[in-house]
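We will go from stop to stop, and at each one you will hear what to pick.

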Amino acid sequence: MFQGRTIAVVVPAYNEERLVARAVGQIPGYVDHVIVVDDASTDRTWEAVSQLERPGLVRVRHDRNGGVGAAIVTGYSRALTAGAEVVAVMAGDAQMDPADLPGLLAPVMSGEADYAKGDRLSWPGVFKVMPFLRFAGNHVFSVLTRITSGYRFVRDSQCGYTAVSARMLTRLDLKALYARYGFPNDMLAHLNAAGARLAQVPVRPIYGTEVSGISLTTALFRVPLVLLRSFLHRKRKALAARRPLLDPVRPEG
């Protein structure tokens, strides 16, 4: 437990045989439930996951590859079943600094926010760490996501290092979330439609020898379609609730 709250961490993993053990091994001991979801990897990720041992560890393997969003949703569902009060996501590629986890948990645990999102772009020295194309691409997607999600000041839309309250998760239709790359953007739109308060927390960007699995086709064509899908979802919800599409009542940190 962390400050009297039950914490779960979801670890989505796809073809991370080299890094998943390190990612799980770095998760702090105060985390009650660590839910590793192997999204039908084609390498030895499942073998690596099967050898992991720690209190509260849950291993899940998808029969078919569903995408990172599908893996996270599976983890969310397991975390809710386990009785977690706050659920974080730390990817299986060991790119998320465990030292930043308390900062992400804090605004959710205090009731200041329902969803806390990591912000790598505000980290001092990010220019020296993050590859230029990723830095530029993240800025472009963040600008677009401000429009489609309704969170007009979101700074790092693509960061997957997050924490959310169990109460807010129960208000979302998890199965309706986009399952593949673009999940973070779609998640924000669904959260906004549900009235979630967003906190943004600077987190340290970590890059090593891993290779991004995001193709140019995905970045240029698929993600814009996901953003349009997200915007339309939020518009439908706003019309149904008879409230303005640009609703200023949800504070952002």
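**A guided tour**

Start by selecting D119, which counts as buried at 0% relative accessibility (buried means under 20% relative accessible area, exposed over 50% and partly exposed in between, with a 1.4 Å probe and protein chains only). You are looking at a predicted model, in which local features need pLDDT of at least 70 and side-chain atom pairs count only at pLDDT 80 or more, while totals for chains, interfaces and linings use all residues. Residues are numbered from 1 along each chain as its sequence is written, and side-chain values use heavy atoms, leaving out hydrogens and water.

D119 and R155 form a salt bridge, with their closest N and O atoms 2.7 Å apart (the rule: a side-chain nitrogen of Lys or Arg within 4 Å of a carboxyl oxygen of Asp or Glu). D119 lies in strand β5 and R155 in the loop between α6 (132–149) and β6, so the pair ties together parts that are 36 residues apart in sequence. Helices (H or I, at least four residues) and strands (E, at least two) are DSSP runs, numbered from the N terminus.

Next, select D156 and R120. Their side chains meet in a salt bridge at 2.8 Å, N to O, and both residues are buried.

R197 is partly exposed at 27% relative accessible area, whereas D114 is buried at 12%.

Switch to cartoon view for the sheet. In what order do its seven strands run? The open sheet reads β3-β2-β1-β4-β6-β5-β7, with mixed pairing (two strands pair if DSSP finds at least two bridges between them). β3 (57–61) and β7 are at the edges with a single partner strand each, so one side of each has no neighbour in the sheet. Zoom in on β5 and β7, which pair in the parallel sense over five bridges; G118 has V201 in β7 as its bridge partner.

Finish at helix α4 (residues 101–109), where the buried residues include L101, L104 and L105. Among the elements covering the buried residues of α4 are β1 (7–13) and β4 (86–89), where contact means heavy atoms within 4.5 Å. Just after α4, click G111 to find a positive phi of about 85°.
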